Amino acid sequence: MLVTGGSGYLGGWVARLAREHWDITATYAAHAGAEPGIVWRRLDVRDQAGVNRLIRGLQPKVIVHTAALNPGQGNDMEAVNVAGTANVARAAAEAGARLIHISTDVVFDGQRGNYTEDDAPNPLSPYGETKARAEEAVARAGGDAVIVRASLIYGWRPTVARAAQWMIEAIERGDPVRLWSDEMRCPIWVESLAAALVEVAAIDYSGFLHLGGAQAVSRHDFGVALLDFAGADSSLVEAVPSPTDQLRPLNCTMDSSRARELLDTPLPGVGDVLARGSEIQ
Ligand SMILES: NC(=O)c1ccc[n+]([C@@H]2O[C@H](COP(=O)([O-])OP(=O)(O)OC[C@H]3O[C@@H](n4cnc5c(N)ncnc54)[C@H](OP(=O)(O)O)[C@@H]3O)[C@@H](O)[C@H]2O)c1
(Lines give C-alpha, C1' and ligand atoms only; values in the text may rest on other atoms or scores of the structure.)
Protein backbone atom coordinates (compact mmCIF):
# COMPACT_ATOMS: atom_id res chain seq x y z
CA MET A 1 0.00 0.00 0.00
CA LEU A 2 1.18 3.49 -0.85
CA VAL A 3 -0.05 6.25 1.48
CA THR A 4 0.49 9.75 0.12
CA GLY A 5 0.72 12.33 2.89
CA GLY A 6 1.86 9.73 5.43
CA SER A 7 3.49 12.53 7.42
CA GLY A 8 0.07 14.16 7.86
CA TYR A 9 -2.54 13.61 10.52
CA LEU A 10 -4.85 11.22 8.67
CA GLY A 11 -2.11 9.66 6.51
CA GLY A 12 -0.06 8.90 9.63
CA TRP A 13 -2.97 6.98 11.16
CA VAL A 14 -3.68 5.10 7.93
CA ALA A 15 -0.03 4.03 7.69
CA ARG A 16 0.11 2.99 11.37
CA LEU A 17 -3.10 0.95 11.23
CA ALA A 18 -2.46 -0.59 7.83
CA ARG A 19 1.08 -1.80 8.49
CA GLU A 20 -0.28 -4.84 10.33
CA HIS A 21 -1.78 -6.12 7.05
CA TRP A 22 0.20 -4.40 4.29
CA ASP A 23 3.74 -3.49 3.31
CA ILE A 24 3.53 0.27 3.54
CA THR A 25 5.35 2.95 1.64
CA ALA A 26 4.33 6.39 2.85
CA THR A 27 5.26 9.79 1.47
CA TYR A 28 6.06 13.15 2.99
CA ALA A 29 6.67 16.53 1.41
CA ALA A 30 8.30 18.80 4.00
CA HIS A 31 8.16 16.86 7.27
CA ALA A 32 10.06 13.58 7.07
CA GLY A 33 8.15 10.65 8.56
CA ALA A 34 9.84 8.77 11.39
CA GLU A 35 7.32 6.04 12.21
CA PRO A 36 9.05 2.61 12.11
CA GLY A 37 7.84 -0.32 10.00
CA ILE A 38 7.10 1.99 7.06
CA VAL A 39 9.25 2.80 4.03
CA TRP A 40 9.37 6.59 3.76
CA ARG A 41 9.74 8.39 0.40
CA ARG A 42 9.75 12.09 -0.33
CA LEU A 43 7.10 13.09 -2.89
CA ASP A 44 5.72 16.34 -4.21
CA VAL A 45 2.45 15.44 -5.93
CA ARG A 46 2.83 18.49 -8.17
CA ASP A 47 5.80 16.73 -9.80
CA GLN A 48 4.11 14.53 -12.40
CA ALA A 49 7.33 12.73 -13.38
CA GLY A 50 8.14 12.05 -9.72
CA VAL A 51 4.64 10.67 -9.10
CA ASN A 52 4.92 8.42 -12.16
CA ARG A 53 8.38 7.21 -11.14
CA LEU A 54 7.28 6.31 -7.62
CA ILE A 55 4.08 4.52 -8.64
CA ARG A 56 5.61 2.71 -11.63
CA GLY A 57 8.52 1.61 -9.47
CA LEU A 58 6.46 0.44 -6.50
CA GLN A 59 3.50 -1.07 -8.38
CA PRO A 60 1.31 -0.72 -5.27
CA LYS A 61 -1.92 -2.71 -5.04
CA VAL A 62 -3.67 0.19 -3.29
CA ILE A 63 -2.95 3.91 -3.00
CA VAL A 64 -4.55 5.90 -0.19
CA HIS A 65 -4.21 9.49 -1.35
CA THR A 66 -4.42 11.78 1.65
CA ALA A 67 -1.85 14.40 0.56
CA ALA A 68 -3.45 17.80 0.14
CA LEU A 69 -3.39 21.36 1.39
CA ASN A 70 -6.13 22.23 3.85
CA PRO A 71 -7.51 25.78 4.23
CA GLY A 72 -4.89 28.06 5.76
CA GLN A 73 -1.97 25.98 4.46
CA GLY A 74 -0.81 28.33 1.72
CA ASN A 75 -2.08 29.39 -1.65
CA ASP A 76 -0.98 26.43 -3.75
CA MET A 77 -4.23 24.48 -3.26
CA GLU A 78 -4.95 24.45 -6.98
CA ALA A 79 -1.63 22.79 -7.89
CA VAL A 80 -1.50 20.38 -4.95
CA ASN A 81 -5.16 19.41 -4.59
CA VAL A 82 -6.27 19.42 -8.23
CA ALA A 83 -3.20 18.87 -10.44
CA GLY A 84 -1.48 16.74 -7.77
CA THR A 85 -4.51 14.49 -7.42
CA ALA A 86 -4.79 14.21 -11.20
CA ASN A 87 -1.14 13.10 -11.30
CA VAL A 88 -1.73 10.44 -8.63
CA ALA A 89 -5.02 9.26 -10.19
CA ARG A 90 -3.57 8.91 -13.71
CA ALA A 91 -0.51 7.02 -12.45
CA ALA A 92 -2.72 4.77 -10.29
CA ALA A 93 -4.97 3.94 -13.25
CA GLU A 94 -1.96 3.24 -15.47
CA ALA A 95 -0.41 0.94 -12.83
CA GLY A 96 -3.74 -0.83 -12.18
CA ALA A 97 -3.63 0.26 -8.52
CA ARG A 98 -6.85 0.73 -6.57
CA LEU A 99 -7.11 4.38 -5.52
CA ILE A 100 -8.74 5.61 -2.35
CA HIS A 101 -8.93 9.37 -2.65
CA ILE A 102 -9.80 11.53 0.36
CA SER A 103 -12.26 14.32 -0.29
CA THR A 104 -14.38 16.43 2.02
CA ASP A 105 -17.94 17.32 3.02
CA VAL A 106 -17.36 20.94 1.97
CA VAL A 107 -17.72 19.98 -1.69
CA PHE A 108 -21.41 20.53 -0.83
CA ASP A 109 -23.01 23.97 -0.51
CA GLY A 110 -24.55 23.22 2.88
CA GLN A 111 -28.03 24.40 1.88
CA ARG A 112 -29.72 21.16 2.85
CA GLY A 113 -27.48 18.82 4.86
CA ASN A 114 -27.61 15.05 5.27
CA TYR A 115 -25.93 14.64 1.88
CA THR A 116 -25.78 11.20 0.29
CA GLU A 117 -23.27 9.89 -2.24
CA ASP A 118 -25.80 10.70 -5.00
CA ASP A 119 -25.96 14.43 -4.22
CA ALA A 120 -24.16 16.82 -6.55
CA PRO A 121 -21.27 18.92 -5.25
CA ASN A 122 -21.59 22.69 -5.34
CA PRO A 123 -18.63 24.04 -3.39
CA LEU A 124 -18.67 27.56 -1.97
CA SER A 125 -15.10 27.91 -0.67
CA PRO A 126 -11.84 27.94 -2.68
CA TYR A 127 -10.73 24.80 -0.77
CA GLY A 128 -14.05 23.03 -1.47
CA GLU A 129 -13.71 24.03 -5.13
CA THR A 130 -10.25 22.42 -5.41
CA LYS A 131 -11.45 19.25 -3.67
CA ALA A 132 -14.50 19.01 -5.98
CA ARG A 133 -12.25 19.38 -9.02
CA ALA A 134 -9.91 16.75 -7.57
CA GLU A 135 -12.90 14.37 -7.41
CA GLU A 136 -13.54 15.06 -11.11
CA ALA A 137 -9.87 14.36 -11.90
CA VAL A 138 -10.12 10.99 -10.12
CA ALA A 139 -13.26 10.10 -12.09
CA ARG A 140 -11.61 11.19 -15.36
CA ALA A 141 -8.53 9.02 -14.75
CA GLY A 142 -10.83 6.02 -15.06
CA GLY A 143 -9.18 3.49 -12.73
CA ASP A 144 -10.65 1.50 -9.85
CA ALA A 145 -11.25 4.30 -7.38
CA VAL A 146 -13.14 5.15 -4.22
CA ILE A 147 -13.73 8.81 -3.46
CA VAL A 148 -14.18 9.08 0.30
CA ARG A 149 -15.75 12.27 1.58
CA ALA A 150 -14.68 12.79 5.18
CA SER A 151 -16.16 15.27 7.60
CA LEU A 152 -14.08 17.36 10.06
CA ILE A 153 -11.25 15.22 11.42
CA TYR A 154 -10.37 15.28 15.12
CA GLY A 155 -8.24 13.27 17.51
CA TRP A 156 -5.77 13.64 20.35
CA ARG A 157 -2.96 11.25 19.56
CA PRO A 158 -0.13 11.26 18.69
CA THR A 159 -0.95 15.00 18.88
CA VAL A 160 -4.12 17.03 19.14
CA ALA A 161 -5.62 17.56 15.67
CA ARG A 162 -5.76 21.04 14.21
CA ALA A 163 -9.52 21.10 14.89
CA ALA A 164 -8.78 21.64 18.62
CA GLN A 165 -5.17 22.82 18.68
CA TRP A 166 -5.83 26.38 17.53
CA MET A 167 -8.60 26.81 20.13
CA ILE A 168 -6.44 25.46 22.97
CA GLU A 169 -3.64 27.83 21.96
CA ALA A 170 -6.02 30.82 21.76
CA ILE A 171 -7.42 30.09 25.21
CA GLU A 172 -3.91 29.72 26.65
CA ARG A 173 -3.12 33.19 25.23
CA GLY A 174 -6.36 34.52 26.73
CA ASP A 175 -7.75 35.32 23.27
CA PRO A 176 -11.50 35.05 22.67
CA VAL A 177 -12.67 31.98 20.78
CA ARG A 178 -15.81 32.57 18.74
CA LEU A 179 -17.36 29.47 17.26
CA TRP A 180 -20.18 29.29 14.77
CA SER A 181 -23.45 28.04 16.15
CA ASP A 182 -25.09 27.67 12.73
CA GLU A 183 -22.54 25.47 10.93
CA MET A 184 -23.34 21.77 11.21
CA ARG A 185 -20.98 18.88 10.53
CA CYS A 186 -20.56 15.18 11.38
CA PRO A 187 -17.00 15.18 12.81
CA ILE A 188 -15.10 11.93 12.43
CA TRP A 189 -12.47 10.60 14.83
CA VAL A 190 -9.22 10.21 12.92
CA GLU A 191 -8.74 6.69 14.26
CA SER A 192 -12.17 5.46 13.07
CA LEU A 193 -11.68 7.16 9.71
CA ALA A 194 -8.24 5.57 9.23
CA ALA A 195 -9.54 2.13 10.26
CA ALA A 196 -12.45 2.52 7.83
CA LEU A 197 -10.04 3.44 5.01
CA VAL A 198 -7.91 0.36 5.71
CA GLU A 199 -11.10 -1.72 5.52
CA VAL A 200 -12.18 0.01 2.29
CA ALA A 201 -8.79 -0.91 0.79
CA ALA A 202 -9.69 -4.59 1.03
CA ILE A 203 -13.34 -4.65 -0.11
CA ASP A 204 -14.89 -4.69 -3.54
CA TYR A 205 -16.41 -1.22 -3.80
CA SER A 206 -15.83 1.73 -6.07
CA GLY A 207 -17.43 5.15 -6.34
CA PHE A 208 -18.28 7.72 -3.69
CA LEU A 209 -18.39 6.86 0.00
CA HIS A 210 -19.34 9.21 2.83
CA LEU A 211 -17.46 8.78 6.10
CA GLY A 212 -18.82 11.02 8.81
CA GLY A 213 -19.34 10.40 12.51
CA ALA A 214 -22.79 9.41 13.77
CA GLN A 215 -23.54 12.74 15.44
CA ALA A 216 -24.37 16.04 13.72
CA VAL A 217 -23.04 18.95 15.80
CA SER A 218 -22.53 22.66 15.37
CA ARG A 219 -18.98 24.01 15.16
CA HIS A 220 -19.66 25.61 18.54
CA ASP A 221 -20.81 22.46 20.32
CA PHE A 222 -17.99 20.48 18.69
CA GLY A 223 -15.39 23.00 19.84
CA VAL A 224 -16.70 23.06 23.40
CA ALA A 225 -16.69 19.24 23.54
CA LEU A 226 -13.06 19.11 22.33
CA LEU A 227 -11.95 21.81 24.78
CA ASP A 228 -13.67 20.11 27.71
CA PHE A 229 -12.01 16.83 26.72
CA ALA A 230 -8.61 18.57 26.58
CA GLY A 231 -9.20 20.13 30.02
CA ALA A 232 -9.14 23.67 28.58
CA ASP A 233 -11.50 26.39 29.84
CA SER A 234 -14.43 26.26 27.43
CA SER A 235 -16.28 28.99 29.35
CA LEU A 236 -14.18 31.44 27.29
CA VAL A 237 -15.90 30.28 24.10
CA GLU A 238 -18.59 32.44 22.55
CA ALA A 239 -21.30 31.03 20.25
CA VAL A 240 -21.79 33.31 17.25
CA PRO A 241 -23.53 33.03 13.88
CA SER A 242 -21.14 32.57 10.94
CA PRO A 243 -20.23 35.79 9.10
CA THR A 244 -22.88 36.96 6.67
CA ASP A 245 -20.36 38.73 4.43
CA GLN A 246 -18.99 35.35 3.28
CA LEU A 247 -20.83 32.62 1.47
CA ARG A 248 -20.30 29.62 3.75
CA PRO A 249 -21.63 26.07 3.58
CA LEU A 250 -23.78 25.93 6.70
CA ASN A 251 -25.10 22.39 6.89
CA CYS A 252 -22.58 19.91 5.48
CA THR A 253 -23.82 16.96 7.50
CA MET A 254 -23.55 13.70 5.60
CA ASP A 255 -25.55 10.52 5.44
CA SER A 256 -22.95 7.77 6.00
CA SER A 257 -25.40 4.87 6.01
CA ARG A 258 -23.79 3.28 2.95
CA ALA A 259 -20.47 3.05 4.81
CA ARG A 260 -22.25 1.62 7.86
CA GLU A 261 -23.73 -1.12 5.68
CA LEU A 262 -20.48 -1.88 3.88
CA LEU A 263 -17.98 -1.73 6.73
CA ASP A 264 -17.48 -3.44 10.08
CA THR A 265 -15.56 -0.40 11.39
CA PRO A 266 -17.83 1.68 13.63
CA LEU A 267 -18.14 5.40 12.91
CA PRO A 268 -19.17 6.76 16.31
CA GLY A 269 -20.24 10.33 16.95
CA VAL A 270 -18.11 12.84 18.79
CA GLY A 271 -20.01 12.44 22.09
CA ASP A 272 -19.44 8.67 22.20
CA VAL A 273 -15.79 8.93 21.14
CA LEU A 274 -14.91 11.55 23.74
CA ALA A 275 -16.84 9.73 26.49
CA ARG A 276 -14.70 6.65 25.82
CA GLY A 277 -11.61 8.68 24.94
CA SER A 278 -10.21 9.10 28.43
CA GLU A 279 -9.75 5.29 28.58
CA ILE A 280 -7.58 5.33 25.45
CA GLN A 281 -5.44 8.43 26.00
N1 LIG B 1 -8.47 17.91 8.43
C2 LIG B 1 -9.77 17.80 8.20
O3 LIG B 1 -10.62 18.14 9.05
C4 LIG B 1 -10.24 17.20 6.89
C5 LIG B 1 -11.63 17.06 6.67
C6 LIG B 1 -12.07 16.44 5.49
C7 LIG B 1 -11.16 16.01 4.54
N8 LIG B 1 -9.82 16.20 4.76
C9 LIG B 1 -8.87 15.70 3.76
O10 LIG B 1 -8.14 14.66 4.37
C11 LIG B 1 -6.82 14.62 3.84
C12 LIG B 1 -5.81 14.62 4.97
O13 LIG B 1 -5.98 15.79 5.76
P14 LIG B 1 -5.08 16.05 7.06
O15 LIG B 1 -5.83 16.99 7.92
O16 LIG B 1 -4.57 14.76 7.59
O17 LIG B 1 -3.89 16.88 6.39
P18 LIG B 1 -2.44 17.23 6.99
O19 LIG B 1 -2.26 16.72 8.37
O20 LIG B 1 -2.23 18.68 6.73
O21 LIG B 1 -1.48 16.40 6.03
C22 LIG B 1 -1.35 16.73 4.68
C23 LIG B 1 -0.30 15.85 4.07
O24 LIG B 1 -0.12 16.25 2.72
C25 LIG B 1 1.27 16.40 2.47
N26 LIG B 1 1.50 17.37 1.41
C27 LIG B 1 1.25 18.70 1.42
N28 LIG B 1 1.65 19.24 0.26
C29 LIG B 1 2.11 18.23 -0.51
C30 LIG B 1 2.65 18.14 -1.81
N31 LIG B 1 2.81 19.23 -2.60
N32 LIG B 1 3.03 16.92 -2.28
C33 LIG B 1 2.89 15.81 -1.51
N34 LIG B 1 2.41 15.83 -0.27
C35 LIG B 1 2.01 17.03 0.23
C36 LIG B 1 1.86 16.83 3.79
O37 LIG B 1 3.26 16.56 3.80
P38 LIG B 1 4.29 17.36 4.79
O39 LIG B 1 3.60 17.53 6.10
O40 LIG B 1 5.47 16.45 4.84
O41 LIG B 1 4.54 18.66 4.11
C42 LIG B 1 1.08 15.94 4.74
O43 LIG B 1 1.66 14.66 4.79
C44 LIG B 1 -6.73 15.78 2.87
O45 LIG B 1 -6.98 15.30 1.58
C46 LIG B 1 -7.84 16.72 3.30
O47 LIG B 1 -8.31 17.49 2.23
C48 LIG B 1 -9.34 16.78 5.92
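The protein is divided into two parts, domain 1 (2-153 + 187-211) and domain 2 (156-185 + 215-254 + 268-280). Their C-alpha centres lie 24 Å apart, and the contact takes 21 residues from domain 1 and 17 residues from domain 2. The model described here is a predicted one.

**Domain contact**

- On the side of domain 1 that touches domain 2, the residues divide into 10 nonpolar, 7 polar and 4 charged.

- An open sheet is formed by 7 strands in the order 3-2-1-4-5-6-11, and the pairing is parallel.
- Strand 3 (39-42) and strand 11 (207-211) stand at the edges, where each has a single partner strand, so one side of each is left without a neighbour in the sheet.
- Neighbouring strands of this sheet are turned by 20° against each other on average, with direction ignored.
- Strand 4 (residues 62-65) pairs with strand 5 in the parallel sense over 4 bridges, and Val-64 stands opposite Ile-100 in strand 5.
- Helix 4 (residues 126-141) packs on the sheet, where it touches strand 5 and strand 6 (145-150), and the direction of helix 4 makes about 160° with that of strand 5.

**Ligand shell**

- The ligand is surrounded by 28 residues, of which the closest are Gly-5, Gly-8, Leu-10, Ala-67 and Ala-68.
- Helix 1 (9-18), helix 3 (77-95) and strand 5 (98-104) each supply at least two residues of this shell, and the largest share, 3 residues, comes from helix 1.
- By residue class, the shell around the ligand divides into 16 nonpolar, 9 polar and 3 charged residues.

Note on methods: Residues numbered from 1 in each chain as written. Predicted model: local features only at pLDDT ≥ 70, side-chain atom pairs only at ≥ 80, totals over all residues. Near = placed C-beta within 6 Å. Nonpolar A, V, L, I, M, F, W, Y, C, P; charged D, E, K, R; others polar. Domains from an automatic or database assignment. Contact = placed C-beta atoms within 7 Å. Pairing = 2+ DSSP bridges. Axes fitted to C-alpha atoms, helices over the stretch in contact; angles between N-to-C directions.
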